[in-house]
Amino acid sequence: MSKKDDRFIIVHREGSEFSISRAILVDRETGVNYLMIKSGYGAGITPLLDSNGQPVVSSIGDFAD
């Protein structure tokens, strides 16, 4: 599977491989943004919400091949 076929893409990353790291992923099919946090051997992922509690949705055209 090539990168252009990946359903999720990382649009922002911060932190380091050896500490807590955070990333925002976008689902190319729905545009929904997710927050992923990794620390050591653990990780979690959750939809990124706006100030009204609604999922943050990016325009899918922003991530076209």
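1. The largest pocket holds about 170 Å³ of space. Please keep in mind that this is a predicted model, in which local features need pLDDT of at least 70, side-chain atom pairs count only at pLDDT 80 or more, and totals for chains, interfaces and linings use all residues. Residues are numbered from 1 along each chain as its sequence is written, and side-chain values use heavy atoms, with hydrogens and water left out.

2. A word on how the pocket is found. On a 1 Å grid over the protein atoms alone, a pocket is an open set of points with protein on both sides within 12 Å along at least five of seven lines, whereas a cavity is a set where a 1.4 Å probe fits but cannot get out; lining residues have an atom within 4 Å of a point. Grid points are joined across faces, edges and corners, and the volume is the space filled by probe spheres set on the points.

3. Which residues line the largest pocket? They are I10, R13, E14, G15, S16, E17, S21, R22, A23, M36 and K38. Two or more lining residues come from each of β1, β2 and β3, and β1 gives the largest share, with four residues. Strands here are DSSP runs of E with at least two residues, and helices are runs of H or I with at least four, numbered from the N terminus.

4. Stepping back to the whole fold, the protein chain has four strands and zero helices, and its pattern along the sequence reads β-β-β-β. The C-alpha atoms fill a box of roughly 35 × 35 × 15 Å along the principal axes. Of the 65 residues, 18% are buried (buried is under 20% relative accessible area, exposed over 50%, and partly exposed in between, with a 1.4 Å probe and protein chains only). Among contacts with a separation of 6 or more, 25% join residues 24 or more positions apart; contact means heavy atoms within 4.5 Å.

5. The strands make an open sheet in the order β1-β2-β3-β4, with antiparallel pairing. Because β1 and β4 (42-47) each have a single partner strand, they stand at the edges, and one side of each is left without a neighbour in the sheet. Neighbouring strands are turned by 20 degrees against each other on average, direction ignored. The axes behind this angle are lines fitted to C-alpha atoms, for helices over the stretch in contact, and angles run from 0 to 180 degrees between N-to-C directions.

6. Now the pairings one by one, where two strands pair if DSSP finds at least two bridges between them. β1 and β2 are antiparallel over seven bridges, with I10 opposite L25 in β2, and they form a hairpin with five residues between them. Strand β2 (residues 21-27) pairs with β3 over six bridges, also in the antiparallel sense. Here R22 stands opposite I37, while A23 has M36 as its bridge partner. Five residues lie between β2 and β3 in their hairpin, and G31 in the turn has a positive phi of about 80 degrees.

7. At the other end of the sheet order, β3 and β4 pair over six antiparallel bridges. I37 has G44 in β4 as its bridge partner. This hairpin has two residues between the strands, and G40 takes a positive phi near 60 degrees.

8. G15 is in strand β1 and is exposed, with a relative accessible area of 52%. Beyond its neighbours within four places in sequence, G15 is in contact with I20, S21 and R22. E17 belongs to the loop between β1 and β2, and E17 counts as exposed because its relative accessibility is 72%. From E17 to Y41, 24 residues apart in sequence, the C-alpha distance is 11 Å.

9. How many aromatic pairs does a search of the whole structure find? There is one: F8 and Y34, edge-to-face, at 6.1 Å centre to centre with 70 degrees between the planes. The pair links distant parts of the chain, with F8 in strand β1 (residues 8-15) and Y34 in strand β3 (residues 33-39), 26 residues apart. Rings of Phe, Tyr and Trp (its six-membered ring) pair if their centres lie within 6.5 Å; planes under 30 degrees apart count as stacked, over 60 as edge-to-face and the rest as tilted. F8 counts as partly exposed because its relative accessibility is 41%.
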